[in-house]
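Here are my notes on this two-part model. Please read them with the structure open.

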Amino acid sequence: MSISRRRLLRNTAAFGALAGAGFPHIWIKNADLAYAAGGEIKVGVLFSLTGTTAIIEESLNKATLLAIEEINAAGGIKGSKIVPIVEDPASDPATFSEKARKLVVGDKCVSVFGSYTSASRKAVLPVFERQNNLYWYPTLYEGRECSKNVIYTGAVPNQQQDEFVPWLIKKFGKKFYLIGSNYIYPKEENNYCKKLLEKYGGEVVAEEYVPLGHSEFSSVINKIRSTQPNVIFSTVVGDSVVALHRQYRAAGLDPEKMPMASLTTSENEVAAMGGEAAAGHFTSAPYFMVHKSPENQKFVEAYKKRWGADKVTHFVSEACYFQTYLFKQAVEKLATSDLTPPNIRDAVKGQETIAPQGKVRLEAENLHTWLWPKIAQAKSDGQFEILVEAKEWLKPVPYAAYPGQSCTEKGLVEKS
Amino acid sequence: MSLNGSTSNGLQRLTAQLAPLLIVCALVFALPVLLNNDFLLNKVARYLVLGILTISLGLSWGFGGILNLGQAMSFGLGSYAMAMALKLKTIPVHTGASGLPDFMVWNNVQALPWFWVPFRSLPFAIAAGMIVPALVAAALGWFMFRGRVTGVYVSIITLATMVVINLVIIDQQSYTGGFNGITDLAQLEIFGVAFDAYGRATYYLVAGCMMLSLLVAFAFTKSRAGLIVQAIRDHESRVRYFGYDVALYQIFVFALSAAIAGLAGMLYTVVMEFASPTFLGVQLSLSVVVWCAVGGRQSLVGSFLGAVLVAGMQGALSESAAFLETWTLVMGALFVLVVLFLPKGLAGLAQVVWRWIVQRRQAAGGVAQGVGQTEGST
């Protein structure tokens with residue numbers, strides 16, 4: 001007998017205490033609640049607070065909570081408070097799926113705001129489609145999705161590139177070097193970019209994909225030197241953005257002659273790499289923190305006041321913020337007894353709100369959002385300078401690269 | 001003080017070892033009756049699948065002494081086998097009868113790759129979900145054990161192999177769905193029974209497979225081969241001097257463990273409704289080792305319960321508002337405590353408690369008989 005009785009007792013007691021602290025939660029049954037019981041409207045907030053994408057997703061969590069707090073402080077929605085249920089999916093698709101189930105089936109949330117990566121959206125999609133619930137997705141993405149259970153408030157390729165690519169050709173020249181992380185988003189963006197290049201007489205000198213999280217760009221930079229493109233069109237994501245910019249600068253390349261044009265570099269990435277490395281390069285997005293509008297001033301001030309003066313807002317957190325207001329407007333249109341996810345979806349179609357970037361509208365056809373494309377140049381202070389603003393908002397066309405297909409209210413339609 | 005010469009005594013011991021196993025199975029099967037909540041059943045089903053995965057590691061690590069840090073590789077391969085079959089079932093709906101899976105269309109693939117074709121048959125996919133991981137493990141085992149690689153090197157090789165396969169899957173996105181994995185699947189249907197992820201049918205399917213895995217693994221540990229494997233774990237060279245082909249036995253237990261992990265992977269796809277490269281990721285693979293250690297690696301039931309309890313607790317902790325920010329810390333502290341104070345895991349604790357009760361009873365009854373040893377119980 002290797003373990004004495006006293007030691008055994010001590011161990012048992014310790015484990016019992018730990019077990020008692022954790023287990024009761026598993027067994028609580030959820031009563032069958034209506035979606036707006038007792039003056040509360042429950043919504044899920046599903047952004048990773050731990051794991052690899054936690055830094056960016058935390059800012060999305062914060063922007064969503066800020067909007068909810070503002071709405072509640074202003075009296076809620078027709079007297080009902082929005083109750084956010086925050087879960088941490090830990091940057092893991094399987095955990096995303098588990099927490100989505102908990103929010104939709106267990107907590108009976110009427111909608112869930114969540115996801116940064118496409119991988120996590122794809123992981124939760126079956127939950128929302130099978131349960132006919134509603135997922136609000138704030139991130140720019142590759143398009144080519146036509147779900148009736150997702151509200152997309154980020155930009156799709158046509159909204160980031162239609163203006164950007166011809167502008168780049170005119171300003172810098174027609175030779176494009178396409179560099180992206182190796183997954184579906186950069187490939188789809190580049191598919192669309194190549195179409196635009198063809199249309200405007202540009203050319204692709206190289207198309208290259210690096211593994212996600214890649215941080216060694218010396219061979220890429222050598223290739224850039226030898227091919228001498230006019231524009232480096234970047235859809236590299238995450239930490240790789242930081243590495244690419246720093247190594248570009250260290251190699252002594254000049255943004256004036258051969259700038260990087262990115263669809264993914266926001267204030268958040270610039271803060272991570274330092275303004276010096278970002279300065280001179282270009283980004284196309286519907287929102288930048290420096291955008292001048294009363295709504296944006298209010299948003300930035302409220303965000304800093306709530307979460308800290310050193311925090312930045314960016315084009316994904318802005319979408320988190322305004323999509324929560326779109327949710328509010330949709331719920332306001334419904335009688336309390338009609339409050340269900342499909343009814344919210346129908347009510348949000350065609351809704352408009354004045355977002356920090358300008359007035360946005362949710363397109364009834366494909367549940368994507370009309371946005372205001374902008375082109376901006378990064379400066380060494382970590383902010384952008386907006387050079388071009390669209391004169392009109394731009395319709396979302398999630399199947400822009402595929403003329404035969406379009407997303408309609410009835411689902412995906414193929415014209416043959 | 002072994003008194004297990006007589007058959008009746010041996011039988012008694014076998015029953016004693018089977019008892020916890022059967023009790024756990026009975027509880028698992030009774031749960032849907034007690035728990036009238038499809039959401040919780042779905043959640044428990046997921047934990048049961050992770051439990052099966054941990055049983056498979058318990059078999060190779062606890063009984064074979066082979067610490068496979070890449071156990072999730074087999075799990076992931078099984079998961080992809082099932083996902084491929086279920087993805088192909090969606091083709092007529094999504095892209096027309098002669099179409100391709102949607103992600104292949106996105107990647108401009110023109111024809112279905114040859115290795116996807118046989119997955120049109122569900123029986124083939126189910127067989128492949130176990131046989132492919134077993135073959136991969138056997139091949140890897142052949143190189144390692146024939147080359148007398150042992151200890152930490154086995155762990156490094158298995159981990160590295162898994163990472164390589166993971167990278168290949170992410171890189172070859174035209175054929176594998178890449179980083180997003182294979183999503184948007186059809187429901188599994190066998191003999192007209194549809195296995196909806198939220199339905200009871202799926203729960204019972206998982207429970208049935210869990211019981212089967214547990215019994216197969218248990219039977220193996222009691223078989224002649226199983227005993228030799230345990231002897232190899234304890235003293236490899238002595239067994240070799242007896243003339244046994246040590247590598248052969250190691251390869252066998254390694255492959256058996258991979259097949260069970262592959263089965264778990266297939267069930268995971270059914271329960272989660274997608275397959276992702278994270279299913280053969282380092283994080284999951286190392287979690288399995290932790291669950292196994294917490295439950296008690298030399299006990300199959302212990303490994304299983306370790307996974308179910310820890311994964312369940314992790315879910316519960318991260319969902320309680322009080323621990324939202326700190327749940328990773330709490331879990332870490334728990335593991336440290338278990339490793340420090342319960343080196344044999346929860347199963348070791350249960351064993352000690354059980355012996356203590358028996359001894360007390362015997363002391364009270366004044367029976368001067370020795371107690372049959374319960375080492376290496378289920």
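1. Terms first. Two strands pair if DSSP finds at least two bridges between them. Helices (H or I, at least four residues) and strands (E, at least two) are DSSP runs, numbered from the N terminus. On that basis, strand S1 (residues 40–46) of chain A pairs with S2(A) in the parallel sense, over seven bridges. Within this part, Lys42(A) stands opposite Val83(A) in S2(A).

2. Provenance. This is a predicted model; local features need pLDDT of at least 70, side-chain atom pairs count only at pLDDT 80 or more, and totals for chains, interfaces and linings use all residues. Residues are numbered from 1 along each chain as its sequence is written, while chains are lettered from A and ligands numbered from 1 in the order in which they are written.

3. The sheet. Chain A has an open sheet of five strands, ordered S2-S1-S3-S4-S5, with parallel pairing. Strand S2 (81–87) and strand S5 (150–152) of chain A are the edges, each pairing on one side only. Neighbouring strands are turned by 25° against each other on average, direction ignored.

4. Helices on the sheet. Angles run from 0 to 180 degrees between N-to-C directions; axes are lines fitted to C-alpha atoms, for helices over the stretch in contact. Contact means C-beta atoms, placed from the backbone, within 7 Å. Helix H2 (residues 54–73) of chain A lies across S1, S2 and strand S3 (111–114) of chain A, at about 160° to S2(A). Helix H13 (residues 315–332) of chain A lies across S1, S3, strand S4 (135–137) and S5 of chain A, at about 170° to S3(A).

5. The interface. In chain B, 36 residues are in contact with 37 residues of chain A. H14(B) gives the largest share of the chain B side, seven residues.

Methods
Two residues are in contact if their C-beta atoms, placed from the backbone, lie within 7 Å.
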